[in-house]
Amino acid sequence: MDYKKAGVDIEAGYKSVELMKEFVKRTNRPEVLGGIGGFSGAFSAKAFKDMEDPVILSGTDGVGTKIKLAFLLDRHDTVGIDCVAMCVNDVACAGGDPLFFLDYIACGKNVPEKIASIVKGVAEGCVQADSALLGGETAEHPGLMPEDEYDLAGFSVGVVDRKDMITGENLKDGDVLIGIASSGVHSNGFSLVRKVFEKEMTKEGLETYYEELGGTLGDTLLTPTRIYVHALKAVRESGVTIKACSHVTGGGFYENIPRMLKEGTRAVIEKNSYPVPPIFKLLQKKGDIEETMMYNTYNMGLGMVLAVDPADAEKTMDAIRSAGDACYRVGRIEAGEKGVTLC
C-alpha cells in the first residue's frame, strides 16, 4: 500500500506545479521575493513603506456553485478570474491596492492539466488586478469529493494609507451615486440560476444559442466577474475623493449598498438610469422571480456603486471610462433611515 493507492498522487502534484509556473510568473511584482514552491510567500514592504499610516486590508471568497457550469462544459480557465475578482474588489472598494493573492483548490483527483487551467485563470485575474499570485495550495481529497470535481477559494491582501480609506463617514445629503457596469451575473446567486435553468444544466443545454443573449447560455453565465481595481484607481488618481463604495455581490442591492452608508443617510437608486443586462431579464421571466428578489440576489448590471460629491460626478465617470469600464449616474444620497430605496 502506498499514498497513490490511497488516492493521492504526489507526482501529479509536482506536475501541476510545473505546469502552472508560467502562469504565476506573469503576475510577479517587484516586491515578490523568491519563487513558487517555497513553504511561504514573501512580499517586500517597500510597496507601502512611504505611507504615513499604512493599513493592511484583506478579502477572502470563493466561486460558489458557478463552478458546476465549469464542470458541465469542461471549461476551467475562467473561474479563477471570478475567485480573484470577488476578493480584490472587496479590497479595492475600501480604497486599497491589492498587493498579492493566494488560492486554495480542493479536488477529488489531481489532474495536472485541469489544475493548471484553473490556475491560469487565477493568474489572469491577478494580472487584471495588478496583484501578485504569491502562492497557493492544491489538496487532493479522495473519498471526500468526486474525482471530477473541485472547489476554489482564495484571499487577497492589500494596503491603503489610513487617510485614503473609503469609509462613508463624510457622506451627505445630495451626494451622487455612480454605478459601474457588471459583466453579467458575476459569481453570486448561481444556486438559483441552476434551479431556474435546471433542464438546461447539461453540456448541450448550456451550448444552446439564445437570441436575446447574443450567445450561448453557458458563455453568458461563465463570463468572468469584472475586476474594478483599475477603475477605482483611475478615480483616485483623477483627484476625486470617493466618499463611499459598495461591491454588489450576494444579497444584491438590498444587502450590499447599505453597508457603505453611515447612519442617517439613505441611498436612492433609479432603476431606469442604466441598462439591465438581458441575462437578468431572461432569468426573472423564466423563473417567475419577483423583482424585489432579483434586486435582493443579483447585481442587476451594477457591480460597484460609488458615492461622490455632485461637483465630481462627471470627472468620476470620465476616469472610470478611461479605465475601460462603462458607468452611469444611478441615484443620490438622501438624509433618512439607513438603507436603500429603488424607484
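**Core and aromatic pairs in a predicted model**

UniProt, in an unreviewed entry, places the feature "domain: PurM-like N-terminal" at residues 55–160. The model discussed here is predicted.

Q: How far apart are the end C-alpha atoms of residues 55–160, the stretch that is 36% helix and 37% strand?
A: The stretch in question is the one to which the UniProt record assigns the feature "domain: PurM-like N-terminal". Its end C-alpha atoms are separated by 5 Å.

Q: Which residues of helix 8 are buried?
A: Helix 8 spans residues 229–237. The cover over its buried residues includes helix 3, strand 4 (97–107), strand 7 (176–181), strand 10 (244–247), strand 12 (302–308) and helix 12 (313–322). Among the residues touched by Leu306 are Leu232 and Val235. The buried residues of the helix are Val229, Ala231, Leu232, Ala234 and Val235.

Q: Which residue with a positive phi follows helix 8?
A: Helix 8 runs over residues 229–237. The residue that follows the helix has a phi near 95°, and it is Gly239.

Q: How many residues apart in sequence are the parts tied together by the pair of Phe71 and Tyr150?
A: The rings of Phe71 and Tyr150 pair edge-to-face, with 5.0 Å from centre to centre and 75° between the planes. Both Phe71 and Tyr150 are buried. Since Phe71 belongs to helix 2 (residues 67–73) and Tyr150 to strand 6 (residues 150–161), the pair ties together parts whose separation in sequence is 79 residues.

Q: Is Tyr328 buried or partly exposed?
A: Tyr328 forms a tilted aromatic pair with Tyr274, at 6.3 Å centre to centre and 40° between the planes. Tyr274, in the loop between strand 11 (265–269) and helix 10 (278–287), is 54 residues from Tyr328, which lies in strand 13 (residues 327–335). Tyr274 has a relative accessible area of 6% and is buried. A residue is buried under 20% and exposed over 50%; at 22% relative accessibility, Tyr328 is therefore classed as partly exposed.

How values were computed
Residues are numbered from 1 along each chain as its sequence is written. This is a predicted model: local features need pLDDT of at least 70, side-chain atom pairs count only at pLDDT 80 or more; totals for chains, interfaces and linings use all residues. Side-chain values use heavy atoms; hydrogens and water are left out. Contact means heavy atoms within 4.5 Å. Buried means under 20% relative accessible area, exposed over 50%, partly exposed in between (1.4 Å probe, protein chains only). Helices (H or I, at least four residues) and strands (E, at least two) are DSSP runs, numbered from the N terminus. UniProt positions are given in the numbering used here, feature names are shortened, and annotations may be inferred rather than shown by experiment. Rings of Phe, Tyr and Trp (its six-membered ring) pair if their centres lie within 6.5 Å; planes under 30 degrees apart count as stacked, over 60 as edge-to-face and the rest as tilted. Lists of a residue's contacts leave out its neighbours within four places in sequence.
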